[in-house]
Structure formats: C-alpha cells, structure tokens
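This report describes the surroundings of two ligands and a few local features of the chain. Please look at the sequence and the structure before reading on.

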Amino acid sequence: MSLVAGIDSSTQSCKIVVCDAATGAVVREARAPHPDGTEVHPSAWWEALTEAADGLLDGVEAVAVAGQQHGMVTVDDAGEIVRPALLWNDTRSAGASTDLTTELGGPQAWAEAVGTVPTASLTVTKLRWLAEHEPGEAGRTRGVMLPHDWLTWKLSGSEEPTTDRGDASGTGYWDPATGSYRPDLLERAFGRRLDVPRVASPTEAVGRTPGGALVAPGTGDNMGSALGLGLRPGDAVISLGTSGTVFAVGDRPSHDPKGEICGFADATGRYLPLVCTLNAARVLDATAAMLGTDLAGLDRLATDAEPGAGGIVLLPYLDGERTPDLPGAAGSLHHLTRANMRPENIARAAVEGMLLGLADGLSALTDSGIPVGRVQLVGGAARSEAVRAVAPAVLGARVEVPPPAEYVAIGAARQAAWTLAGTEEPPEWSVGEPEFTAEAQEVDGLHERYAQARRDTHGV
Ligand SMILES: Nc1ncnc2c1ncn2[C@@H]1O[C@H](COP(=O)(O)OP(=O)(O)O)[C@@H](O)[C@H]1O
Ligand SMILES: O=C(CO)[C@@H](O)[C@H](O)COP(=O)(O)O
C-alpha cells in the first residue's frame, strides 16, 4: 500500500493523517495542541507538528501541509523569524485595514484588485500595522509568508519558500483573477517591497523531507477542506472550528464590493468564494464554561429548549467580529426576561447565534448567484448534537454531516497523493455516507430578531 500524509496546522492544533494513496482510507492519525492567543511564534507550530508526526510518517511517500490562512510570518536576511506571527483572528490591524481601504479608493477598488476587501484578518493589513508600530522589526524584515508556507519550507528543506494559489489568495497582495502577485499593494502597505514565496503549481513537488518523502505545495486550511471533501458546484461547506466559514467552489473569481465574500482561489485551479466569522466553536466552549457544564451538557441544555430560545438572542462577537466587519465588538445577550432567562435558552441562543452569522454568509453566497443544494457541516463543533439539531432551521437548507474526520488534513493528503501520482486530476477518494442528514426547516422570527439586535447594537 502506498501511503501519503496530510498535515492540518490550524488555530487550535496540528492534526496529521496518514492515508492509503489509492483510496484515501485513514490508516493512522495524531494531533498536538497549539498555544492559545492571536500572536504565536511559528516554532510552536513546528513543535506541535514534530510531536504529532513522531513515529507517524514511517513509510509515507508524500506529504502536504494545509494551514490556518492569513497569518503574517516575517523572516530576516538569514531566514530567521523576526517576531511572533499575527494570526488571522488578531484584530490589532483594524485601523490599518480602514486606512488601506480608503487609500486605494474604497472597497470596490480592493474587490477588483484582489477579489477581497481587506479586514484585520488579511496579511496585507498586518504588514501595514507592523510598518507603523514596530519600525525596528519592520526594518529587519526581508520576507513575508503564511503559516503553511513556512512549515512547508522547513519540512522540505528547499532553498526557496513556496506557497500555492489558494493560500496566496488570502494575503491581499495576490490576485486570483490573474494568478499573480500585486507587489504594488504590498509596497503600499509596508512602504517597500518584501520577498514573497514563489507560487507553486497545484501538483508541484517542492522538496523532500529528511526521510525522503516528496513534499507537495500545501494550501490554506479551507482550501484543504474543499479538497478533502471533494467539494463540487452545488454544495456549500460550513466549517465550525475556531473560525466559522461558509464556502463553495466556482469556476470564476468573485469580487464582492460589500466585503462579505472573500474572493479566494482553491487548491486545484478553481475559485473558493468564502465568508468567514471570527466566532464559532469557541462560542460553545465559552457558553458551556459560563453555564458550569461541558460540551455534552451544553448539547443537552440547548436541545431541551424550544427553537428561538424563548426570544433570547446572542450576538456572539466574543473575539470581535470579521463578518460583519466589527473588530472591536463584544458579544451581547438580548431580550432577557424573568421568564426566559434559563440555562436551556442561553445554551440554545449560543448555538443559534453562532449559526446565524453563517446563515447570513450562506445568503451572501446564494445572493451572488452561487447555487447551494446542500450544506456539509465539518470542523470540531459539527460533532455537537445541538448544532446538528439547530442548523437545518437556522440555515434554511438541507444539512449533511459527513463521517467525522479531519477533512483539512485529508485534503492535504489528497494533494500529496495527486502530486505523487502526477495525474491530470486528483485521485478519486470517497468521503462515505453522511452521518447525519436533515431537510431545511424554518423558525418564525429568528432571523429578524437577530438582525434587529445587530442593527440596534452595532448599526449594521
Ligand atoms: N462535540 C463538540 N461540541 C462542540 N464543540 C466541539 C465538539 N468537539 C470539538 N469541539 C470544538 O471544536 C473546536 C476545535 O475544532 P477544530 O475544527 O479542530 O478547530 P481549528 O481548526 O480552528 O483548530 C474546539 O473549540 C472544540 O471545543
Ligand atoms: O481566516 C480564515 C479564513 O479566511 C480562517 O478560516 C482561518 O483559516 C483559520 O481556520 P480555523 O483554524 O478556524 O479552521
């Protein structure tokens, strides 16, 4: 049996799967945690990767890394890290984002230039923040790359760092429509040019591990998930990890001037329009902790409550928010009364609130003309019984939960198998029958109450 490995270096942890290259069957897997925080030294990702990989990669012929998108990894003349990476969920560059948007001529100009209107998540805004706030570190910076680029570089021992079109499309200085960098935008943000990784083709071998395994280009974690699920037009994915994302594959680049949809590229040559929220699985973690229970307890409480949570609405902006663009926001509970203020309703409002932001994202995709016949739920919180029970009504769509698996890591493994095979198309890997399926439902007034609370509190 030929073996390949996929690595998912995401916000909370590093997960590695080893798969049969022919079928995609997972043969073995391991994981190791990442430190908390929105600023992390890349060496912590490397330590987690080597811990999870210990003894796991024997006999593996090819490997690829899919990583959390947008993180700013800065290196000096010697290729050493200049400062800890600012992650996708670090909001300190919000002011830089506003400035950059205005300077180029507004949201439309950015949507046309790179397919995405900047928010504090994008690498380009973090570069402006660095130039303005840390001139010493900025002065020592020779190059910038993304988390998966840096890990791939270390793993492959290559002379030059590489990236791929999927992850490059989240920088804000690479244009998916032309497939080329916009060094002018990078220079606008940082004040001078920087070295950036070469964009490898989707199945280019970019090096070898010390053990001799071929290293494939890797990609961003959401692009990895699309590849792992074999996502096809007509399907949307909602990923409930640290971030909430909703995305679909398309044949044309997207340019949303409202800034809700990020016009990303995928890992294969197509496009991946995506809406991202900053608050997903951790809303449930925090709510369970507040209610003095665990995730199973939260599930029980939320499923004991009626749909609509007795009228309570949670705006779940616990870590600020990206969509809508409210980086400084905090979460808020609305419409509490003596009758409805019960743990069951608070638990339900948390699940509903987390999903309602993604329902708006799903509407943004369908309103832009992207057909969605069904939604596949993945990521850590897709394991939640309450999420499964609530999603069909909040999303108003057919919901399927594929067999629980690390689809980002599986997508990276599939890319590795594709690179190893050198074929025109990726190998046919079957995902298996969904573990959960439910048709679309409705809940009276839920979306309206949520939108009203958001307008009243944040004016958007
Ligand atoms: N059964 C569950 N119910 C709700 N949340 C869960 C469950 N299992 C895992 N999670 C949550 O999923 C999150 C991790 O998901 P994951 O997709 O691995 O995140 P990331 O890719 O951002 O690192 C954690 O916040 C964890 O608490
Ligand atoms: O910023 C985005 C997408 O644009 C996030 O989806 C990150 O890619 C992090 O993903 P998770 O670690 O939450 O899966």
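## Ligand 2 and its polar contacts

A polar side-chain atom of Asp221 is 2.7 Å from an oxygen atom of ligand 2. This distance, like the others in this report, comes from a predicted model. Asn222 also places a polar side-chain atom by the ligand, at 3.0 Å from an oxygen atom of ligand 2. Thr242 takes part through its backbone: one of its polar backbone atoms lies 3.4 Å from an oxygen atom of ligand 2. On its own, ligand 2 has 370 Å² of accessible area, and the protein covers 96% of that.

## The shell around ligand 2

Ligand 2 sits in the largest pocket. Two elements give two or more residues each to its shell, namely α9 (221-229) and β19 (271-277). The shell has 15 residues, and those that come nearest to ligand 2 are Thr11, His70, Asp221, Ser243 and Arg322.

Sorted by class, the residues around ligand 2 are four nonpolar, nine polar and two charged.

## Ligand 1 and its polar contacts

Ligand 1 has polar contacts with side chains and with backbone. A polar side-chain atom of Asp285 is 2.6 Å from an oxygen atom of ligand 1, and one of Ser10 is 3.4 Å from an oxygen atom of this ligand. From the backbone, a polar atom of Gly380 lies 3.0 Å from an oxygen atom of ligand 1. The accessible area of ligand 1 on its own is 590 Å², of which the protein covers 79%.

## The shell around ligand 1

Ligand 1 is surrounded by 15 residues, of which Gln12, Lys15, Thr242, Asp285 and Gly380 are the closest. Thr242 is also the residue whose backbone lies 3.4 Å from an oxygen atom of ligand 2. By class, the shell around ligand 1 consists of three nonpolar, nine polar and three charged residues.

UniProt, in an unreviewed entry, lists Gln69 and His70 under "binding site". Both Gln69 and His70 belong to the lining of the largest pocket.

Gln69 lies in the loop between β5 and β6. His70 is found in the loop between β5 (60-67) and β6 (73-75). The phi angle of His70 is near 75°, a positive value in a residue other than glycine.

## An annotated domain and a cis peptide bond

An unreviewed UniProt entry carries the annotation "domain: Carbohydrate kinase FGGY N-terminal" for residues 4-209. In the model, this span is 34% helix and 24% strand, and its end C-alpha atoms lie 13 Å apart.

Which peptide bond is cis, with omega near 5°? The bond in question runs from Thr323 to Pro324. Pro324 is located in the loop between β20 (313-315) and β21 (332-334).

Terms used: Residues numbered from 1 in each chain as written. Chains lettered and ligands numbered in written order. Predicted model: local features only at pLDDT ≥ 70, side-chain atom pairs only at ≥ 80, totals over all residues. Heavy atoms only, no water. Near = heavy atom within 4 Å. Polar contact = N/O pair within 3.5 Å; in protein donor to acceptor, adjacent residues only side chain to side chain. Areas by Shrake-Rupley, 256 points an atom, 1.4 Å probe, with all protein chains shown as cover. 1 Å grid on protein atoms, 1.4 Å probe; cavity = no way out; pocket = protein on both sides within 12 Å on 5 of 7 lines; lining within 4 Å. Sits in = over half its atoms within 2 Å of the grid points. Helix = DSSP H or I, 4+ residues; strand = E, 2+ residues; numbered from the N terminus. Nonpolar A, V, L, I, M, F, W, Y, C, P; charged D, E, K, R; others polar. UniProt positions renumbered as here; feature names shortened; annotations may be inferred.
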